[in-house]
Amino acid sequence: MASAAISPETGFAPMSAGRMLVFGGMALIVVGMVFGDIFAVFVLHQNGGRTGETLMAAAQAAAHRDGAGVREGFARVGALLEDRGTKIDTHVHMTDAGYLALLLALVQPYVALPSQRKKRLAKIFLVGSVMLPVGIFLIHYFGLLYSPFPAIGWASVLADTGGAVLIVALLGESWGLWRYFRGDRTGAEAGVPLDNSWSERTLLSGGTTLVLLGFLFGNWYAYFDLYAQEQGEVRILGMLVNQAEASSVAGMTDAVNQYGGLAASRAVSIAAHSHWIEFGLLALLLAFVQPYVFLSETWKRRWVKTLLAGSLTLPLFVLLELHFGLIAGGIADIAGLLVIVGLTGMLVGVVRHSGRAESVAA
Amino acid sequence: MSGSRKMLLFGGLILAAFGMLYGLHYALFIEHQILDGMGASLTEGFVAAASREMPQAQEAIEAYGAAKYKYVRQVDAHSHWGGLAMLLIVLGAVFDRVQLRENMRRWLAIGLLAGSVLFPFGVLLQSAGDGGMFASSLAVGGAAMVTVALAGVAAGFARRPE
């Protein structure tokens with residue numbers, strides 16, 4: 001039934017589940033990346049500075065033999081880490097939900113369910129994809145306000161409900177896939193019409209190369225830095241405790257600065273590793289979307305180059321932030337913007353394609 | 001559907017399910033205890049310093065370091081199984097586009113799948129056995145398999161179709 005609704009000219013059924021998932025997925029990735037850029041510019045460094053100050057206050061409380069002050073200091077460190085952690089999780093969950101939506105769009109031809117049910121599942125998936133990161137973001141601000149539970153706040157409930165909604169949608173999609181592999185062809189559609197264009201080939205090979213780069217850097221980090229950083233953290237904390245016992249403000253300040261440097265070094269290494277791999281996966285997924293980008297070949301190539309240039313540059317300059325400070329940080333932020341611009345350009349192409357699909361269907 | 005494609009798609013799905021189940025088990029039964037232990041050790045270290053009980057303070061900091069060593073590896077194993085499974089599924093969807101002979105593609109798929117299973121498993125074993133040679137070899141070997149196979153796949157994608 002659904003196959004009849006697919007335009008032979010566009011290969012994309014108007015208002016189909018696949019289309020909703022492509023739109024929704026790309027929009028989630030764009031919003032998640034904009035949020036990540038805002039977080040990097042306005043929250044990350046300030047939060048790191050405050051965490052260092054609070055750790056220093058806890059050490060000074062230890063120097064003044066104030067056990068209660070120490071506990072209070074670490075409680076504040078915990079709150080700052082929660083603030084930072086929930087924002088990173090919001091960024092990660094929103095972009096990852098976007099990747100998953102694109103992946104689900106790819107498998108829609110093999111989901112043997114009536115088209116209405118597929119659309120309902122796509123809507124449920126997208127609703128869960130919004131609820132989960134929004135809930136995570138609010139955890140730090142709502143805490144246990146008006147919560148009847150001893151340890152779980154309303155924001156956590158929203159996030160967990162979003163996660164449960166996603167699981168329901170994924171179970172539904174799995175059920176449809178299972179039916180397809182059992183021979184059921186309800187709602188069967190044509191597969192993704194890859195056409196071996198320059199844009200597709202470049203995204204496939206560029207994406208795999210980015211994943212490879214992320215993997216190579218991860219290997220290098222695990223071999224040369226990880227153990228040294230772990231031992232360094234214990235050494236610095238031991239030093240901070242000793243300086244607190246000696247009531248040496250200069251010694252404590254030095255230890256806290258070293259701790260901040262170590263935390264920054266670890267954060268940029270992990271961010272570079274994960275961003276290269278995630279951008280690689282994004283490029284691979286976007287290769288499948290290319291047949292639906294209704295733009296001239298020249299513009300398609302421009303967006304592909306913009307996206308890949310940003311994907312390569314952002315993690316590289318995040319790494320260089322330790323050596324070149326704000327200049328490298330600024331270049332990394334601009335690279336993030338390039339990825340967002342490339343992605344938005346492709347999204348506009350998909351919107352134009354859908355307009356064409358609807359006009360053909362009409 | 002070619003054999004290499006099937007291997008990546010079904011291998012990726014099974015690995016994803018396994019990674020999620022491990023993550024669920026870890027989140028429900030292990031993670032909170034480890035995190036509570038880490039926070040308690042760190043606070044205890046500074047409280048002991050406030051009481052000028054330095055041996056206890058250093059002991060608590062060492063306990064924090066040991067707990068964090070385990071925590072990092074357990075979380076890494078979970079996230080790498082999940083991430084690599086997603087990569088296998090995405091590559092599986094388009095693996096016929098790798099411009100190499102099916103025999104070569106099959107070897108690349110075997111390398112990707114075996115490396116994706118072994119590398120996080122080696123990392124997990126490190127947390128159980130304090131970084132033994134076997135665990136480290138497994139992690140390094142698995143990572144090398146994925147790396148070499150990915151290089152082959154990238155080259156295959158970049159080649160023009162015959």
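How many residues of chain B are in contact with how many of chain A? Here are a few notes to go with the structure, which is a predicted model.

1. To take that opening question: the contact brings together 36 residues of chain B and 38 residues of chain A. A pair counts here if the C-beta atoms, placed from the backbone, lie within 7 Å.

2. On the chain B side, three helices each give at least two residues to the face touching chain A: H1 (3-50), H2 (54-93) and H4 (133-158). H2(B) gives the most, with 14 residues.

3. Now for chain A by itself. Its two domains are domain 1, covering 12-191, and domain 2, covering 197-351. Taken over C-alpha atoms, the centres of these domains of chain A are 20 Å apart.

4. The two domains of chain A also touch one another, with 25 residues from domain 1 and 27 residues from domain 2 taking part. On the domain 1 side, helix H2 (17-63) and helix H3 (67-107) of chain A each supply at least two residues. H2(A) accounts for the largest share of that side, 19 residues.

5. What classes of residue make up the side of domain 1 of chain A that touches domain 2 of chain A? This side has 19 nonpolar residues, five polar ones and one charged.

Definitions and conventions: Residues are numbered from 1 along each chain as its sequence is written. Chains are lettered from A and ligands numbered from 1 in the order in which they are written. This is a predicted model: local features need pLDDT of at least 70, side-chain atom pairs count only at pLDDT 80 or more; totals for chains, interfaces and linings use all residues. Domain bounds come from an automatic or database domain assignment. Helices (H or I, at least four residues) and strands (E, at least two) are DSSP runs, numbered from the N terminus. Ala, Val, Leu, Ile, Met, Phe, Trp, Tyr, Cys and Pro count as nonpolar, Asp, Glu, Lys and Arg as charged, and the others, Gly among them, as polar.
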